[in-house]
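Subject: Structure for you to look over

Hello,

Here is the structure I promised to pass on. Please open it and keep it beside this email as you read.

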Amino acid sequence: MELDLFRRKNVRSLIDNSLQSQGLKRELGVWDLTLLGIGAIIGTGIFVLTGTGALKAGPGLMVSFVIAGLACAFSALAYAEFASTVPVSGSVYTYSYVTLGELAAWIIGWDMVLEYLLAVSAVSSGWSGYFQSLLGGFGLKLPDALTAAPGAVPGKTTLFNLPAFLIVMLITLLLSRGIKESKRVNNVMVLVKIGVVLLFILIGVFYVKPANWQPFAPFGAKGIFTAAAIVFSAYLGFDAVSTAAEEARDPARTLPRGLLYSLGICTLLYMVVSAIMTGIIPYQQIRGHEDHPVSLALKIAGQNWFAAFVDLGAIVGMTTVMLVILYAQTRVAFAMSRDGLLPAWFSRVHKKYRTPYSVTWLLGIIAGLIGALVPITQIAELVNIGTLFAFIMVSVSVIILRKTQPDLPRGFRCPAVPFVPAASIVLCAFLMSQLLWITWTAFLIWLTIGLIVYFTYSRKHSTLNASNTQ
């Protein structure tokens, strides 16, 4: 049997097969997709990473968000073209399959499994911290053993992060019941957290002291670029919109709009919030309070009542992040299973709920247990490197597809190809170079494991392999 690592799927047959199989419900319009993107983006980025980034860049953090947002914007244009051209579940995994071939598709799919899984686990830990802080405000406290993963808190005997596990299980239950129910909950929570962010802007602007913006870049350009690499994970999630291709109405039109609208809105909010936060509080005072910099700024401004409200907004914000990212992960696994690269069980659709029920629960339980049992360190960087790699792959793919199939119907065309995708590749590669060597090591180990799985199972069971041997 000939080993063809570059066998590709036909775009037209891929679209036809998605329309004829599995029967996922098409429930999402432009409004839903935009809120889906905002739901994934606005969370830990605005409520937590603004503090971490400010310690690296000072007030120049707002420029860091522009740099990270620019890299995302170039990538988003490439995503938008693919989403309108290949409206099939799987996001960049599927896009790579039709342009770069099966091995590249497997590598990026395997990368996205790690990226999304650890993102959900990490956010669940952050959610647990805010939730326990909120309980503390009412005089309630969980037993130490149930507050964090083993060894996560020095001086305390912790065994299991119960709140982190329970919130992931609740989200898994919601996703398993159907996309209509999930979108309703997501839309309400997104509107709540946008309201919290807008209130922070409206209240905080009156307490800004321009003197706190001097010096603007205390650590120079290096600090701004380092912060850009860190806060890049604040944008994780806009690509999750493209995984909803088979559940979107008129995907050629709605998907590109949902992608670009959500990214634009969130970039603007990040810039304004970081400017106001560093204007209220000198960035040096954030040290030791990186996990709640926005509410800290309000407390320093004397707005303690609203600081507690911001904490509640952070809880809601992180909930929607986990909802959208876990949703995206299940759809990528669904697409990989349908192609034969993962067992068929992963793409089994529930007869009543019409969702990939089994894989939703499998991945949800794994993510919940990791968040509850593993003290996750440097997780933001590991998630970042996976995201940046995915963005590079989709940018490369849009250049290739434009060259190899120029007449393919496209609902949206990325402007200035190949220059815009090339700019995305350069920016993402630069941000990857700013990450720690240990992050690169962990990433390469995961990809090596993925290659072993591919050559021992996936290559043999691929639907393309089956069709080639008939």
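Below is what was found in it, taken topic by topic.

One caution comes before the rest. This is a predicted model.

**Cavities**

I looked at the second largest cavity, with a volume of about 40 Å³.

Which residues line the second largest cavity? They are I46, F47, V196, V197, F200, V273, V294 and V310. By class, this lining has eight nonpolar residues, no polar ones and no charged ones. Two elements, α3 (44-57) and α8 (179-204), each give two or more residues to the lining. The most comes from α8, with three residues.

Next, the helix pairs. Two packed helices are described by the angle between their axes and the distance between the axes.

Take helix α10 (residues 251-280) and helix α11 (residues 293-300) to begin with. They pack at an angle of about 45°, and their axes are 9 Å apart.

Where do they touch? From α10 come V273, M277 and I280. From α11 come P293, V294 and A297. The residues of this contact divide into six nonpolar, no polar and no charged.

**Helices α4 and α9**

Now turn to helix α4 (residues 61-85) and helix α9 (residues 220-231). Here the angle is about 55° and the axes are 8 Å apart. The pair α4 and α9 is therefore oblique too. The crossing of α4 and α9 is right-handed.

On the α4 side, the contact residues are L61, V63, S64, F65, I67 and A68. On the α9 side, they are I224, F225, A227, A228 and V231. By class, this contact holds ten nonpolar residues, one polar residue and no charged residues.

**Backbone points**

Last, the backbone. As a general rule, most residues other than glycine have a negative phi, and most peptide bonds are trans.

- P215 sits in the loop between α8 and α9.
- V417 to P418: a cis peptide bond joins these residues, and omega is about 15°. P418 is in the loop between α14 (379-404) and α15 (419-433).
- A416: phi is positive, at about 50°, although A416 is not a glycine. A416 is also in the loop between α14 and α15.

Best wishes

Methods
Residues numbered from 1 in each chain as written. Predicted model: local features only at pLDDT ≥ 70, side-chain atom pairs only at ≥ 80, totals over all residues. Heavy atoms only, no water. 1 Å grid on protein atoms, 1.4 Å probe; cavity = no way out; pocket = protein on both sides within 12 Å on 5 of 7 lines; lining within 4 Å. Points joined across faces, edges and corners; volume = space filled by probe spheres on them. Helix = DSSP H or I, 4+ residues; strand = E, 2+ residues; numbered from the N terminus. Nonpolar A, V, L, I, M, F, W, Y, C, P; charged D, E, K, R; others polar. Axes fitted to C-alpha atoms, helices over the stretch in contact; angles between N-to-C directions. Contact = heavy atoms within 4.5 Å. Parallel < 35°, antiparallel > 145°, perpendicular 65-115°, else oblique. Left-handed = near helix turned anticlockwise from the far one by under 90°.
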